[in-house]
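Hello,

I am passing on the structure we spoke of, with the findings set out below it. Please look through the model first and then read on.

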Amino acid sequence: MIRFFRNFFAPKKRNYPDFWMDYAEQFENGQPTTLADIRFVVFDTETTGLDLEKDRILSIGALSLQNDSIDIDSSFEIFLDQEFYHAGNIAIHGILRDEIQPRISEIEALRLLLDYIGNCILVAHHASFDRAMIDRALKRHGMPRLQNRFLDTSALYKRTLISSALLQKKDQYSLDELAEKFDIPVKDRHTALGDAYITAIAFLKIMGRLKVKDGFLVKRLFK
């Protein structure tokens with residue numbers, strides 16, 4: 001009888017894909033706490049639009065960053081095969097249905113993305129949107145939300161500014177504003193990997209302004 005009640009109230013095991021289980025297992029032992037030991041992944045998504053219910057991810061670009069160094073050689077870029085497109089948005093990011101880049105299914109894209117990011121800290125510009133788009137895709141395939149912690153370069157940049165009567169802080173800052181502020185080339189703007197690269201450079205510049213040094217505890221970035 002005791003075993004019956006114990007089994008009855010035990011958490012139900014879900015039939016998640018093996019790649020999700022491998023990803024989730026990486027969070028069981030926690031993460032390093034000092035800046036030099038933390039792996040950041042700066043990423044961006046290009047989508048068919050801004051509607052979280054209807055729109056879909058067309059491309060994901062990402063770069064790994066650790067100890068003030070961007071690992072360009074291990075950059076991540078994938079294109080997804082989707083049925084839903086918005087002609088107006090395609091004019092912005094240039095991802096056309098008949099382009100020649102190899103396309104993969106959404107579930108394969110999620111598998112590759114989770115394998116790439118692991119338990120890193122994710123960084124994006126206006127991160128809540130990119131995070132929500134990936135969470136929606138995970139939900140469509142029966143998986144939970146991303147487990148990673150997130151940093152938003154727009155919010156971090158705002159922390160570097162001093163409010164005064166002559167300079168009022170804005171609620172948000174665009175990636176173009178950060179690129180202009182930090183003199184970052186925008187040649188590949190509006191591609192997922194290009195925007196991830198601009199965001200990664202801006203992130204390093206912002207970290208410099210926040211005066212992070214050896215021994216800096218990463219948890220301070222989330223305050």
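Strands β2 (residues 57-66) and β3 (residues 69-80) run antiparallel and are joined by seven bridges. Within this pairing, S59 stands opposite F79 in β3. Please keep in mind that the model is predicted. The hairpin that β2 and β3 form has two residues between the strands, and N67 takes a positive phi there, near 55 degrees.

β2 also pairs with strand β1 (residues 39-47), again in the antiparallel sense, over nine bridges. Here F43 stands opposite A62 in β2.

How enclosed is β2 by the rest of the structure? Buried means under 20% relative accessible area. Nine of the ten residues of β2 are buried, so the strand is largely enclosed.

The other finding concerns two helices. Helix α2 (residues 18-25) and helix α4 (residues 106-117) have axes that come within 10 Å and cross at roughly 20 degrees. Angles under 35 degrees count as roughly parallel, and α2 and α4 are therefore roughly parallel to each other. The crossing in which α2 passes α4 is left-handed.

Regards

Notes:
Residues are numbered from 1 along each chain as its sequence is written. This is a predicted model: local features need pLDDT of at least 70, side-chain atom pairs count only at pLDDT 80 or more; totals for chains, interfaces and linings use all residues. Side-chain values use heavy atoms; hydrogens and water are left out. Axes are lines fitted to C-alpha atoms, for helices over the stretch in contact, and angles run from 0 to 180 degrees between N-to-C directions. Helices (H or I, at least four residues) and strands (E, at least two) are DSSP runs, numbered from the N terminus. Angles under 35 degrees count as roughly parallel, over 145 as roughly antiparallel, 65 to 115 as roughly perpendicular and the rest as oblique. A crossing is left-handed if the near helix is turned anticlockwise from the far one by less than a right angle, and right-handed if clockwise. Buried means under 20% relative accessible area, exposed over 50%, partly exposed in between (1.4 Å probe, protein chains only). Two strands pair if DSSP finds at least two bridges between them.
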